[in-house]
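Q: I would like to go through this model with you. Could we begin with the aromatic residues?
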Amino acid sequence: MDFSIASILLQDGLTNGAVYALVGMALILIFSVTRVIFVAHGELIAFAAIAMAQLQEGVVPGVLWLLLGLGALTFAVDAAVTLWRLRAGTQRSAANLGRSAAFNLGLPLLAWALLAHTSLGQSGLPAQLLLTALLVVPMGPMLYRLAFQPAAEASTLVLLIIAVGVHFMLLGLGLLVLGPEGARSEALSQWQWQLGAVSISGQGLLVIAASMTMIVALYLIFEHTLTGKALRATAINRTGARLMGIAPAQSGAIAFTLATLMAVLAGVLAGPLTTMQYDTGFLIALKGFVAAMVGALSSYPLAWVGSVLVGLVESFGSFWASAYKEVIVFTLIIPVLVWRSLQNPHSEEH
């Protein structure tokens, strides 16, 4: 291995690690607030990447139909709950139903109207990014409302089983609405800088910059906004947060919304780097989970460091032993789990 090859592998490792950092931080955000290990996060990444590619091709993204279906189902559940509460004499539920209709029906219909009246192939990059976010971000709180909010007080194991079920459901629906074909979006930046024998791409620098910007944004949100402090309170003590007037259900919906926004960012940034299929995001999410475990599912900076480590190990492992690169990456989690187990005493969850 000479210097030029090592430089290329280093750049690829840092770029992939930055993508995994977005995934790892999103998983930590969801777990700390809701205790859900969101296995299906990778599907949202794939949906965003494929939607972006289809918009650039001038095709209506198949994710639109999934969004319309999820929105209608979520509104139907809210309507049934509201009807039951109205019969019980809780008049406040009627206002909640209006907000549910605006979000679960209004946003999908808005996305449908924009796609129907927009020249997709000729729309600029900002419009494509906004449309992709509009198509995918609402799915996060919808999935939380349908699958996790009703079981919010269940054990972590039950929530994990539900998350696995959501993962398989989204895989099947993704195959149905997207098909088995892969898609790759255009690079967000065509800038190239030749430094000797090493070519530095603007896309890679953009991925790294976006990842570092997101960790700074999370710090500012949690430290300097009322919403962030409410999320922190919910993560520390759900019962205490409820006694202080913070609704854990609302905190969970906000956490899923922010995490899904990070999934969209990861999908848009990773789309030009690899061909994305409906099930490609699962492997990305697993590597992000390894990074999140380095941060003990609680520390964003440690998760970012773990993500860079995973990316570098994957990059150099693919050069030395390409057939075993995935095995090498996932083996990293074993010493991390052993170390965490020795640090923290075991406790039974009831």
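Q: Which residues form one aromatic cluster?
A: The model is a predicted one. In it, Phe38, Tyr144, Phe148 and Phe256 make up one aromatic cluster.

Q: How many aromatic pairs does a search of the whole structure find?
A: The search finds four aromatic pairs. One of them joins Tyr144 and Phe256, whose ring centres are 5.1 Å apart. Their planes lie at 35°, so this pair is tilted. Planes under 30 degrees apart would count as stacked, and those over 60 as edge-to-face.

Q: Where in the chain do the two partners sit?
A: Tyr144 belongs to helix H6 (residues 139-148), and Phe256 to helix H11 (residues 248-270). The pair links distant parts of the chain, as the two residues are 112 residues apart.

Q: Are Tyr144 and Phe256 buried or exposed?
A: Both Tyr144 and Phe256 are buried.

Q: Changing topic, how many cavities of 30 Å³ or more does the structure hold?
A: The structure holds one such cavity. The volume of the largest cavity is about 30 Å³.

Q: Which residues line the largest cavity?
A: Its lining consists of Thr34, Val36, Tyr144, Phe148, Ala152, Leu159 and Arg238. Tyr144 and Phe148 also belong to the aromatic cluster.

Q: And the surface: which residues form a nonpolar patch there?
A: Ile5, Phe319 and Trp320 form a nonpolar patch, with about 320 Å² of accessible area together.

Q: What about Trp320: buried or exposed?
A: Trp320 has a relative accessible area of 63%. The cut-off for exposed is over 50%, so Trp320 is exposed. Its place is in helix H13 (residues 300-320).

Notes. Residues numbered from 1 in each chain as written. Predicted model: local features only at pLDDT ≥ 70, side-chain atom pairs only at ≥ 80, totals over all residues. Heavy atoms only, no water. Patch = residues over 30% accessible without salt bridge, like charges linked within 9 Å, V, L, I, M, F, W, Y side chains within 5 Å. Areas by Shrake-Rupley, 256 points an atom, 1.4 Å probe, with all protein chains shown as cover. Salt bridge = Lys/Arg side-chain N within 4 Å of Asp/Glu carboxyl O. Helix = DSSP H or I, 4+ residues; strand = E, 2+ residues; numbered from the N terminus. Buried < 20%, exposed > 50% of the residue type's maximum accessible area, 1.4 Å probe, protein only. Phe/Tyr/Trp six-rings, centres within 6.5 Å; stacked < 30°, edge-to-face > 60°. 1 Å grid on protein atoms, 1.4 Å probe; cavity = no way out; pocket = protein on both sides within 12 Å on 5 of 7 lines; lining within 4 Å. Points joined across faces, edges and corners; volume = space filled by probe spheres on them.
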